[in-house]
Amino acid sequence: MQTFIIGLVILVVGGFLYGGLCQKVFGPDDRKTPAFTKQDGVDYVPMSKGKNALINLLNIAGTGPILGPIQGILFGPIAFISIPIGCVIGGAMHDYFSGMISMREGGIQMPQLIKRGTNKVVHKIYTVFVCIVLFLIGVVFIYTPGDIAATQVFGFGGTASEPSTWIIYIAIFGYYLIATLFPIDKIIGRIYPIFGAVLLISAIGVFLMLFVKGYHLANLSGSWTLGGFDFGAYFRSERFIPTFFITVACGILSGFHSTQITLVTRTLKSERDGRFAFYNMMIAEGFIAMVWAAGTMAMIGIGASDAGITMQLTEDGWSYFAQVGDTLQQISPTSVVGVVCKNMLGPIGGLIAITGVIILPITSGDTALRSLRLILAEAFNFKQNNTKKRVLLSLPVFAAAFGVLIWAKINPDGFNSIWQYFGWSNQTLAVFALAAIMVWLMRHGKKKFLWIPLIPLVFYSFVTVSYLLSSHIGPQIDFKVSCVIGAVVAVIVSGICIRKGFKEDAQPKKVDSL
């Protein structure tokens, strides 16, 4: 438990100090924001500081900060240190600067931000890439909450042959369509406070029960074995770097976040609200990730015999097992959510917590598809100032998404394939954003601070390349060779960004005050 507490201190104190540094470097001022200068009653709408922060948290917090840590904690208590450090200097920093630069540049979407920070070729690659990722997120975040609702709330089987499965999917799909088409303050702005309350209650409830019920968690010093499972052996055999940082993803750094944050840049009333809405909300997501990692470790510690989890080695590697009636059955990471909630919070509290977990992906999927609509509209110069035009652009996207959803549900390995590529592509998107952030800082006379985005840029360039080349979603070449190639790519990418930044810094430009 000591390592978990130390991690929380790093998250809170580190977030406060580093968030202050990021704010000072950017230098928010009192200029009018896009919510006022471009107010249109649909996407550019002034909203309160608290509502914006809550919307952003729910936009970025899909199933990533839950399912990622559930699997990432198998690497042991080092996760309790890696998550907060990565969140403070990587994820929260990435989210803050992505949002603030977008707002300063008029509320532009990420493809335009990437274009201004790199070049036309990179911009075109990024635009295609981000559209695919947002599309996949829309599909994944119908599939995941639909299955959790079907199996753990309504007690259905959740199979492709059951009509109830498709009724739930269609209901979520219908909500996504409404949230994508209607003005942001009419749908998202009104229901998110309710969703946010449920989300926070569930996360805080699990957090408090860790202490109230006295669950045992492994520490960095001492034994890494709990409930018969050796976290240390898993750590040594599964390549902590890069696998852990692809697996946990959203609880540490997520490129998907930048695509969602730009929605909120169009509704903030003041640049000074950016730290709370962008940086601090990522720290909150880091807290959610820490809680679910600890909850999963606690369940492994008590074992399936006491309504927890038992780890067993199967043909596919280490898997979760839980007691279902009188039988020990293998369960998915999604089902681990139910085990944690019910063991810690009881039937009623567990139901509330599970509801919060269902809400998380839904409140990311709706804005993912909304972002996709806006990016496509921007790419094809297709105005979105009336409902008819928004429908014409949205319907083909939704039809294709439903087709992929059907394939993923019918194909036994369909969902796993989508999720694995999403995890890798999510981090790759972050590399594009970090590069643009670094160039923007240098362009605006802040080159002495280029190390802020440079550190995660180098690290994640290495992580994404080495993981793709060595894992089963790529060519599976020798791991050492993959690491060498990853290191070379990281040096080249950072070198190109630094060179471009220095080149533009040499041009006479307005320097923002620090």
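About 60 Å³ of space lies in the largest cavity of this predicted model. A cavity is defined on a 1 Å grid over the protein atoms alone as a set of points where a 1.4 Å probe fits but cannot get out. Grid points are joined across faces, edges and corners, and a volume is the space filled by probe spheres set on the points. By this rule, two cavities of 30 Å³ or more are counted. The structure is a predicted model, in which local features need pLDDT of at least 70 and side-chain atom pairs count only at pLDDT 80 or more, while totals for chains, interfaces and linings use all residues. Residues are numbered from 1 along each chain as its sequence is written, and side-chain values use heavy atoms, with hydrogens and water left out.

The lining of the largest cavity consists of I101, E105, I108, L113, R116, G117, A436, W440 and R443, lining residues being those with an atom within 4 Å of a point. Five of these residues are nonpolar, one is polar and three are charged. In this division Ala, Val, Leu, Ile, Met, Phe, Trp, Tyr, Cys and Pro count as nonpolar, Asp, Glu, Lys and Arg as charged, and the others, Gly among them, as polar. Helices α6 (110–117) and α16 (414–443) each supply at least two residues of the lining. Helices are DSSP runs of H or I with at least four residues, numbered from the N terminus.

Two of the lining residues, R116 and E105, form a salt bridge in which the closest N and O atoms are 2.7 Å apart. R116 is partly exposed, with a relative accessible area of 38%, and E105 is partly exposed at 24%. Buried denotes a relative accessible area under 20%, exposed one over 50%, and partly exposed the range in between (1.4 Å probe, protein chains only).

Side chains of opposite charge can pair when their charged atoms come close. A salt bridge is counted where a side-chain nitrogen of Lys or Arg is within 4 Å of a carboxyl oxygen of Asp or Glu. Seven salt bridges are found in a search of the whole structure. In one of them, the side chains of R104 and D29 meet at 3.9 Å, N to O. This pair links distant parts of the chain, with R104 in helix α5 (79–104) and D29 in the loop between α1 and α2 (34–37), 75 residues apart. R104 is buried, with a relative accessible area of 13%, whereas D29 is partly exposed at 21%. Both residues belong to a network of salt bridges that links D29, R31, R104 and E271.

R272 forms a salt bridge with D30, the closest N and O atoms being 3.0 Å apart. Here too distant parts of the chain are linked: R272 is in the loop between α12 and α13 (274–302) and D30 in the loop between α1 and α2, 242 residues apart. R272 counts as partly exposed at 43% relative accessibility, and D30 is exposed at 64%.

On the surface, I5, V9, V12, V13, F16, L17 and F211 form a nonpolar patch with about 670 Å² of accessible area together. Patches are made of residues with over 30% relative accessible area and no salt bridge; like charges are joined within 9 Å and nonpolar side chains (Val, Leu, Ile, Met, Phe, Trp, Tyr) within 5 Å. Accessible areas come from the Shrake-Rupley method with a 1.4 Å probe, and for residues only the protein chains shown count as cover. Helix α1 (2–26) gives the most to the patch, with six residues. I5 lies in this helix and is partly exposed, at 38% relative accessibility.

Several backbone features were also located. A cis peptide bond, with omega of about 15 degrees, joins I241 and P242, and P242 lies in helix α11 (240–248). A249, in the loop between α11 and α12 (255–264), has a positive phi of about 45 degrees although it is not a glycine. A249 is buried, at 6% relative accessibility. Q476, also a residue other than glycine, has a positive phi near 60 degrees and is found in the loop between α17 (451–470) and α18 (479–505).

L351 in helix α14 (333–379) is partly exposed, at 41% relative accessibility. L351 and Q152 are 199 residues apart in sequence and 8.5 Å apart in space, C-alpha to C-alpha.

Terms used: On a 1 Å grid over the protein atoms alone, a cavity is a set of points where a 1.4 Å probe fits but cannot get out, and a pocket is an open set with protein on both sides within 12 Å along at least five of seven lines; lining residues have an atom within 4 Å of a point.
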